[in-house]
Amino acid sequence: MSDQPDYSFMKTGFNNIKKGDDDPEETEKNTLAIIVSYAEGAMRTAAKYVSHGDRMGVTPEDLKRAMMLEMFFFRNRDDALERA
């Protein structure tokens, strides 16, 4: 017996990933659902930009600004998982 305490239960953060637990198809499906939900919100916001500007089409600048704004909204939505 040594005087050193046993720290074998502690983890360093390296190599903590369990391999083989995740289904790649399920991960791909979930990732795609999140991206589609994000894009849907951005398109709705871009459409609002167009309607407020009395224009008939969405420009790349509208979409760019809508995607930036959607990033803030998407993170704070309570129903983001249900939408995805």
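**Note on the predicted model**

1. Glutamate 26 is part of helix 1, which spans residues 24-52. Helices here are DSSP runs of H or I with at least four residues, strands are runs of E with at least two, and both are numbered from the N terminus. The model is a predicted one, in which local features need pLDDT of at least 70 and side-chain atom pairs count only at pLDDT 80 or more, while totals for chains, interfaces and linings use all residues. Residues are numbered from 1 along each chain as its sequence is written, and side-chain values use heavy atoms, with hydrogens and water left out.

2. In overall architecture, the protein has three helices and zero strands. Its pattern along the sequence is α-α-α. Of the 84 residues in the protein, 14% are buried. Buried means under 20% relative accessible area, exposed means over 50%, and partly exposed lies in between (1.4 Å probe, protein chains only).

3. Glutamate 26 has a relative accessible area of 38% and is therefore partly exposed. Asp23, Glu25, Glu26 and Glu28 form a surface patch of negative charge. Such patches are made of residues with over 30% relative accessible area and no salt bridge, with like charges joined within 9 Å and nonpolar side chains (Val, Leu, Ile, Met, Phe, Trp, Tyr) within 5 Å. A salt bridge is a side-chain nitrogen of Lys or Arg within 4 Å of a carboxyl oxygen of Asp or Glu.

4. Which residues form the one aromatic pair of the structure? The structure holds one such pair; the rings of tyrosine 38 and phenylalanine 74 have centres 6.0 Å apart and planes at 85°, so the pair is edge-to-face. Rings of Phe, Tyr and Trp (its six-membered ring) pair if their centres lie within 6.5 Å; planes under 30 degrees apart count as stacked, over 60 as edge-to-face and the rest as tilted. Because tyrosine 38 lies in helix 1 and phenylalanine 74 in helix 2 (residues 60-76), the pair ties together parts that are 36 residues apart in sequence. Both tyrosine 38 and phenylalanine 74 are buried.

5. Valine 50 also belongs to helix 1. Its relative accessible area is 8%, so valine 50 is buried. Between the C-alpha atoms of valine 50 and leucine 63 the separation is 10.0 Å, and the two residues are 13 residues apart along the chain.

6. Aspartate 54 sits in the loop between helix 1 and helix 2. Although not a glycine, aspartate 54 has a positive phi of about 55°. Most residues other than glycine have a negative phi. With 72% relative accessibility, aspartate 54 counts as exposed.

Terms used. Areas by Shrake-Rupley, 256 points an atom, 1.4 Å probe, with all protein chains shown as cover. Lys, Arg positive; Asp, Glu negative; His and termini not counted. Charge placed at Lys NZ, Arg CZ, Asp CG, Glu CD.
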